[in-house]
Amino acid sequence: MNMPFSKFREVNDLVMLSGEVPLDEEGRIPEGIVAQTDLVMKRISSTLAQSGLGLSEIVSVTAYLTDKSDFELFNSTYKNYFSAPLPVRTTIGCELFIDAKVELTVVAARSLSASKAMNNKYSGADIIALGSV
């Protein structure tokens, strides 16, 4: 299907991905929020790899869930893909255009490696002091 949007776009050092849904290679959607979240995260990882990035470069996530009762299971699966510093996230309850439970949109940053080095070099107090100079 030829959709009227890009899979991802790069602007300066940001890589923005279109919403990713849990479709496998045959176009099927697995059962349950855990399997769907795992598949979406694997698809996001694959798309980011095309730009030479990984999940650790994600700085922002927008999550769309079709069932509020899936929130806890979604969180327990989602958190397995990230470590500190965690990306910012907004979670929205909604209806999707396909019969899936989850869709994720992410923004990744190439410059995050330099940012991580600074975060590791300075303590929180040092960063506050640097900001007030």
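Which residues form a nonpolar patch on the surface? I looked this up before anything else. V11, L14 and M16 form the patch, with about 210 Å² of accessible area together. For patches I took residues with over 30% relative accessible area and no salt bridge, joining like charges within 9 Å and nonpolar side chains (Val, Leu, Ile, Met, Phe, Trp, Tyr) within 5 Å. Accessible areas come from the Shrake-Rupley method with a 1.4 Å probe, and for residues only the protein chains shown count as cover.

**Basis**

The model is predicted: local features need pLDDT of at least 70, side-chain atom pairs count only at pLDDT 80 or more, and totals for chains, interfaces and linings use all residues. Residues are numbered from 1 along each chain as its sequence is written, and side-chain values use heavy atoms, with hydrogens and water left out.

**Elements and totals**

I counted four helices and five strands in the chain. Helices (H or I, at least four residues) and strands (E, at least two) are DSSP runs, numbered from the N terminus. Their order from the N terminus is β-β-α-β-α-β-β-α-α. The chain has 133 residues, and 29% of them are buried; buried means under 20% relative accessible area, exposed over 50%, and partly exposed in between (1.4 Å probe, protein chains only). The chain exposes about 8400 Å², with carbon and sulfur atoms supplying 55% of it.

**Sheet**

I traced five strands in an open sheet of mixed pairing, in the order β1-β2-β5-β3-β4. Two strands pair if DSSP finds at least two bridges between them. β1 and β4 each have a single partner strand, so one side of each has no neighbour in the sheet. The twist averages 15 degrees from one strand to the next.

β2 runs antiparallel to β5 (residues 102-109), and three bridges join them. M16, one of the patch residues, stands opposite V107 in β5.

I then checked the helices against the sheet. Helix α1 (residues 33-49) lies across β1, β2, β3 (58-65) and β5, at about 30 degrees to β5. Helix α2 touches β3, β4 and β5, and its direction makes about 150 degrees with that of β4. Axes are lines fitted to C-alpha atoms, for helices over the stretch in contact (heavy atoms within 4.5 Å), and angles run from 0 to 180 degrees between N-to-C directions.

**Backbone**

V11 is in strand β1 and is partly exposed at 42% relative accessible area. N12 lies in the loop between β1 (8-11) and β2 (14-17). Its phi is near 55 degrees, a positive value in a residue other than glycine. N12 is exposed, at 75%.

I found a cis peptide bond between A84 and P85, with omega about -5 degrees. P85 is in the loop between α2 (71-78) and β4 (88-93).

**Salt bridges**

My search of the whole structure gave six salt bridges, each a side-chain nitrogen of Lys or Arg within 4 Å of a carboxyl oxygen of Asp or Glu. K7 and E20 meet in one of them at 2.7 Å, N to O. K7 lies in the segment before β1 and E20 in the loop between β2 and α1, so the pair ties together parts 13 residues apart in sequence.

Is E20 buried or exposed? E20 is buried, at 3% relative accessible area. E20 also meets R43 in a salt bridge (2.5 Å, N to O). R43 is in helix α1, 23 residues apart from E20.

K101 forms a salt bridge with D70, the closest N and O atoms being 3.2 Å apart. K101 is in the loop between β4 and β5 and D70 in the loop between β3 and α2, so parts 31 residues apart in sequence are tied together. K101 is partly exposed at 25%, whereas D70 is buried at 9%. Shared partners join K7, E20 and R43 into one network.
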